[in-house]
Amino acid sequence: MDTHQPHDHTHVRPWRMIQRRPSRKIMVGKVAVGGDAPISVQSMTNTLTSDAQATLRQIAAMEEAGADIVRVSCPDVDSTAALKTIVDNAHVPIVADIHFHYKRAIEAAKAGAACLRINPGNIGSPDRVKEVIQAAKDYGCSMRIGVNAGSLEKDLMEKYGEPCPEAMVESALFHANILRDHDFHEFKISVKASDVFLTVAAYNALADAIDCPLHIGVTEAGPLRTGTIKSAIGLGNLLWAGIGDTLRVSLAADPVEEIKVGFDLLKSLGLRHRGVNIIACPSCARQGFNVIDTVAKLEERLAHIAKPMSLSIIGCVVNGPGEALYTDVGFTGGGAGSGMVYLAGKPDHKLSNADMIEHIVELVEAHAEKL
């Protein structure tokens, strides 16, 4: 369970207000993307799609982490043949990633893919493009036009000399016009680059040029830590400006980590809330208990909770009571091996450091049950 920030609360603290860019709403299976729909979080499997059971196990792990949409690559006939089994057994919409082979797109649509990730201009002749669009219409697929700085069309590279925002937007609009010329409007667009500056500039330009939903991401961002930082800078910049209707954090890491980081980004900006938001101090010599170790254990023990709530874990009384004032459950370090538990912002009872982890887990679980 998760929620998105209600619009009628934003006026209380206007400096927190994010005005989302107006866009058309499309459906990716049962998930609405764009308009007033919550910003969805997605990832992509890295198993062989032809191994349906291995792919489904990975999708299940992503679903448990909160994934709204999952993409799978369909490079060959064996992959699209396995797609029906995957679609029938997954609990989230499945996007089929298609490059060049128009028959794979048609097979994926027939197999029940909710969306085709495709660039119409790469499919080939106008007749082939028409066939793919007709298959999407017949089987209720939406599409994502996926522009990437690393694979721009040759003529655009010759025209602009290097990947740049203008080239990426021109590519996106060229592909969008192909779909619109065939009276197909159920599409979203991405213009991704591994360079944060290029990514943000391209999306800002595209946001002004078209009204379709935007899938945002910094592509090939890198390993877990540095890729998370790059994604936070790029996606945070866009989301704060109201740009983005669905997102993927592209990490060289377990896809489950992409989902976690995606939700953490949205939680940081108050755009969506899922699970326990732990507010914790970095710790110092004033701490009344080992804050870092405690927070690491609590994060692991509370990972199963999907309902949105807040927990503050602060090492001493300097900031502890003030932070606890705004959290559902709080613990502030004291002296002589114990601290104070706060419930709904008010001091409630003392708790020994030795018992704190088990007791706080119980309190958080009990509060989650009431939500």
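Reader: By about how many helical turns are Asp293 and Lys297 separated?

Author: Asp293 and Lys297 lie four residues apart in helix α10 (residues 291-301), so about one helical turn separates them. Helices (H or I, at least four residues) and strands (E, at least two) are DSSP runs, numbered from the N terminus. Before we continue, note that this is a predicted model, in which local features need pLDDT of at least 70 and side-chain atom pairs count only at pLDDT 80 or more, while totals for chains, interfaces and linings use all residues. Residues are numbered from 1 along each chain as its sequence is written, and side-chain values use heavy atoms, with hydrogens and water left out.

Reader: What joins the side chains of Asp293 and Lys297?

Author: A salt bridge is a side-chain nitrogen of Lys or Arg within 4 Å of a carboxyl oxygen of Asp or Glu. In the case of Asp293 and Lys297, the N to O distance is 3.1 Å.

Reader: Is Asp293 buried or exposed, or in between?

Author: Buried means under 20% relative accessible area, exposed over 50%, and partly exposed in between (1.4 Å probe, protein chains only). Asp293 is partly exposed because its relative accessible area is 34%. Lys297, at 39%, is partly exposed as well.

Reader: How many salt bridges does a search of the whole structure find?

Author: The search finds 15 salt bridges. One of them pairs Asp36 with Lys25, with 2.8 Å between the closest N and O atoms. This pair links distant parts of the chain, eleven residues apart: Asp36 is in the loop between β3 (31-33) and β4 (40-44), and Lys25 is in the loop between β1 (3-4) and β2 (26-28). Asp36 is exposed at 51% relative accessible area, whereas Lys25 is partly exposed at 43%.

Reader: Which residue forms a salt bridge with Glu170?

Author: The partner of Glu170 is Lys159, and their closest N and O atoms are 3.0 Å apart. Here Glu170 belongs to helix α6 (residues 165-181) and Lys159 to helix α5 (residues 154-160), so the pair links distant parts of the chain, eleven residues apart. Glu170 is partly exposed, with a relative accessible area of 30%, while Lys159 counts as exposed at 53%.

Reader: Which residues line the second largest cavity?

Author: They are Ile118, Pro120, Val129, Val132, Ile133, Met143 and Leu179. Helix α4 (residues 126-139) gives the largest share, three residues, and the space is about 30 Å³.

Reader: How many nonpolar, polar and charged residues does each lining have?

Author: Ala, Val, Leu, Ile, Met, Phe, Trp, Tyr, Cys and Pro count as nonpolar, Asp, Glu, Lys and Arg as charged, and the others, Gly among them, as polar. The largest cavity has two nonpolar, seven polar and one charged residues in its lining. For the second largest cavity, the lining has seven nonpolar, no polar and no charged residues.

Methods: On a 1 Å grid over the protein atoms alone, a cavity is a set of points where a 1.4 Å probe fits but cannot get out, and a pocket is an open set with protein on both sides within 12 Å along at least five of seven lines; lining residues have an atom within 4 Å of a point. Grid points are joined across faces, edges and corners, and a volume is the space filled by probe spheres set on the points.
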